[in-house]
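The following exercises concern the arrangement of secondary structure in one protein model. Please work through each task with the sequence and the coordinates at hand before reading its solution.

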Amino acid sequence: MFEFALLGLLHEAPMHGYELRKRLHDLLGAFRAFSYGSLYPTLRRLQRAGLIVEEGPEESALAWGRRARKVYKLTPEGKERFAELLANAGPQTWDDDSFGVHLAFFSRTPADIRIRILEGRRRCVEERREGLRERLTRTGEQIDRYTRELHRQGLESTEREVRWLNELIAHEQSEQDE
């Protein structure tokens, strides 16, 4: 998913590492933290794969004698790889680790793929919800009040997400019908 997020951001414009990390945090900060320790190795791997290239140092940095920042730019192969990742609607796109990243790039994702990802996510969350309901019913009075409240909070959270997903799917379908 990190690769997908980086390619998506570089699809917008070339950026240096600090800017990429800041944009990742702005885009997905609520979902995960990205460190320089994971950013730069991934950028090097993308370079070796020919998906991104380094551009020369910024002119303003050279003029002021500052340390030049490496600016990363998407290659045509990187654009192609990003398009492949956008078109993917398999199970990995709706799991907890990937869904937020895909949602962040939905504006560039084809409508039919968006619906498949949303429907897959809904099925995943509905299964989780049913498991929580079953566990809450099964354990009932066998667990203390606080553990029961924790289970109840998890159940309410999944029910809220299913409602939200239903709204998104309905909106997507109504736009397709127009």
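**Exercise 1: Two individual residues**

Glu-19 lies in helix H2, where helices (H or I, at least four residues) and strands (E, at least two) are DSSP runs numbered from the N terminus. This is a predicted model, in which local features need pLDDT of at least 70 and side-chain atom pairs count only at pLDDT 80 or more, whereas totals for chains, interfaces and linings use all residues. Residues are numbered from 1 along each chain as its sequence is written, and side-chain values use heavy atoms, with hydrogens and water left out.

Task: Classify Glu-19 and Thr-75 by relative accessibility, and locate Thr-75.

Solution. Step 1: the classes are buried (under 20% relative accessible area), exposed (over 50%) and partly exposed (in between), with a 1.4 Å probe and protein chains only. Step 2: Glu-19 has a relative accessible area of 31% and is therefore partly exposed. Step 3: Thr-75 is found in the loop between E3 and H5; because its relative accessibility is 8%, Thr-75 counts as buried. Step 4: leaving aside residues up to four places away in sequence, Thr-75 touches Gly-50, Leu-51, Ile-52 and Val-53, a contact being heavy atoms within 4.5 Å. Step 5: for Glu-19, the C-alpha atom is separated by 9.4 Å from that of Val-71, 52 residues apart along the chain.

**Exercise 2: The sheet**

Task: Determine the strand order of the sheet and the sense of its pairing.

Solution. Step 1: list the elements. The protein chain has eight helices and three strands, which follow one another from the N terminus as α-β-α-α-β-α-β-α-α-α-α. Step 2: apply the pairing criterion, by which two strands pair if DSSP finds at least two bridges between them. E1 and strand E3 (residues 71-74) run antiparallel and are joined by two bridges; Met-15 has Tyr-72 of E3 as its bridge partner. E2 and E3 pair over four bridges, also in the antiparallel sense, and here Val-53 has Lys-73 of E3 as its partner. Step 3: assemble the order. The three strands form an open sheet, E1-E3-E2, with antiparallel pairing. Its edge strands are strand E1 (15-16) and strand E2 (52-55), each pairing on one side only. Helix H1 (residues 2-12) touches E1, E2 and E3, and its direction makes about 90 degrees with that of E3.

**Exercise 3: H7 and H8**

Task: Classify the relative orientation of H7 and H8 and state the handedness of their crossing.

Solution. Step 1: the axes of helix H7 (residues 111-139) and helix H8 (residues 145-177) come within 9 Å and cross at roughly 155 degrees. Step 2: H7 and H8 are therefore roughly antiparallel to each other. Step 3: their crossing is left-handed, a term used if the near helix is turned anticlockwise from the far one by less than a right angle, with right-handed used if clockwise.

Notes:
Axes fitted to C-alpha atoms, helices over the stretch in contact; angles between N-to-C directions. Parallel < 35°, antiparallel > 145°, perpendicular 65-115°, else oblique.
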